[in-house]
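Biologist: I would like to learn how to read a structure. Please take me through it step by step.

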Amino acid sequence: MYLPPHDPHVDDPMRFKPLFRIHLMERKSATVECMYGHRGPHNGHIQIVKKDEFSTKCNQTEHHRMSGGRQEEFRTWLREEWGRTLEDIFHEHMQELILMKFIYTSQYDNCLTYRRIYLPPSHPDDLIRPGLFKGTYGSHGLEIVMLSFHGKHARVTKITGDPNIPAGQQTVEIDLMHRIQLPNIESLCNFNELSRIVLEAQEQVRQEQQRQEDRTEDGEGSGPPTEVREPENEGAAPLKEEPVQFVLPVGVSSRNENYPRTCRMCFYGTGLIAGHGFTSPERTPGVFILFDEDRFGFIWLELKSFSLYSRVQATFRNADAPSPQAFEEMLKNIQSLTS
C-alpha cells in the first residue's frame, strides 16, 4: 500500500506499507502471508477474481488485534496514518472525521478487492504531464488524485476518498477554454474581488452552454455554420509564460501555508462537494491555479478553502493504459463503483 505523507506535507514522498507477500514454491504452488498488524506475518489467501482484479483475505485476523483493545489499535493507527496523537488534534470536527475513517477502514481486516488502474496518457499539448498527485483536503487530510486531460477540459479524479467524496469521483474539473486573469497582488488579497471574477467566468460558461443547447434544438448543421468570436483571453495558453505573483485572499483557509507565491496560469473550474455518505453532491465554482510542472492548486469558492496538490514522484511499472479508450473506460468504471 502506498500511503500519502503526513498531513499537510504534500511535497514529502509517499510511504510504503507491505500488506501481503507471496512465496513462490514451485509451478502453480505458493504460500501467502498477511503482513497487516504488529504481530508478524501470518496465514493469508489471494484469489484471482477476473482479469485485472484480485482479492486478498487474512485467515488469522486475531493477529491484527492488540492487547490494549480498540483504543490501543486506534492510537497506533493514528500515529502511523497522521503522525500525531489524538491530543494533538484540537478541532472537534477533525477528530470526528478521523474516527470515522478508522472505523471504516479497520472493519475490513485486510480482506479487500483490488482493481487495476491506468496512468493517464500524455500528449505534447497538455499543460503539464498528467499523473498522480497528493492533495490537501482540509480536515480529511491528504488524498491521492489523478490529473488527466480530455480535450477542452482537464479532470482531477480521486484515487483515495473520504466520508464526503469517495474514491472514483471527479473532485475537480478544469475548463481549459476559460482562462482567468488574476488581479494585481493587492486586489487578489480581497476575496470579494476574486469571487467576482470567478462568478463572471461561471456566468460566461453558462451562457455559452445555453447558446450551444439552443443551436442544437434549432437543428444545427442544417445551414451555414455561425462564427462565434471567442474572447481573446480564452483557450489553453502556451506553456511558457512569465510567472505572476500569487497569494491566497484573506479569509481563504489552507492546510499548508507553504504554497508557491508565483503561478503560471489560472482557469475557471468546478469542485465537487457533498455531505457525509456522498449525499446531495453538487459542483461549485472555483479557480484552478497552475504553479509549475509538479504543483497546482484549487480555490473552492463556496468553502473559502484552498487545496494544494504535489506530484507523486514514485514510479509504477506497467501502469500505462494500452489505449486512450481503455483509460476512459477505466475512469467510468471506478466512478460507477461509488455513484
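Biologist: In which loop does lysine 304 lie?

Modeller: This is a predicted model, where local features need pLDDT of at least 70, side-chain atom pairs count only at pLDDT 80 or more, and totals for chains, interfaces and linings use all residues. Residues are numbered from 1 along each chain as its sequence is written, and side-chain values use heavy atoms, with hydrogens and water left out. Helices (H or I, at least four residues) and strands (E, at least two) are DSSP runs, numbered from the N terminus. Lysine 304 lies in the loop between β17 (295–300) and β18 (305–311).

Biologist: What is the phi of lysine 304?

Modeller: Most residues other than glycine have a negative phi, and most peptide bonds are trans. For lysine 304, phi is positive, near 50°.

Biologist: Which peptide bond is cis?

Modeller: The bond from aspartate 7 to proline 8 is cis, with omega near 5°. Proline 8 belongs to the loop between β1 (2–3) and β2 (15–16).

Biologist: How is the protein chain divided into domains?

Modeller: Domain bounds come from an automatic or database domain assignment. Here domain 1 covers 2–115, and domain 2 covers 131–205 + 242–337. Their C-alpha centres lie 28 Å apart.

Biologist: How many residues of domain 1 are in contact with domain 2?

Modeller: Contact means heavy atoms within 4.5 Å. By that rule, 19 residues of domain 1 are in contact with 20 residues of domain 2.

Biologist: What area is buried between domain 1 and domain 2?

Modeller: Buried area is the accessible area (1.4 Å probe) that two parts lose on being put together, summed over both. Between these domains the value is about 1,700 Å², and carbon and sulfur atoms give 66% of that. On the side of domain 1, Val10, Met14 and Leu97 lose the most area to domain 2, together 33% of what that side buries.

Biologist: How many salt bridges are there between domain 1 and domain 2?

Modeller: A salt bridge is a side-chain nitrogen of Lys or Arg within 4 Å of a carboxyl oxygen of Asp or Glu. The count between the two domains is one. Arginine 255 forms a salt bridge with aspartate 7, and their closest N and O atoms are 2.3 Å apart.

Biologist: Which helix gives the largest share of the side of domain 1 that touches domain 2?

Modeller: Helix α2 (residues 92–106) does, with five residues.
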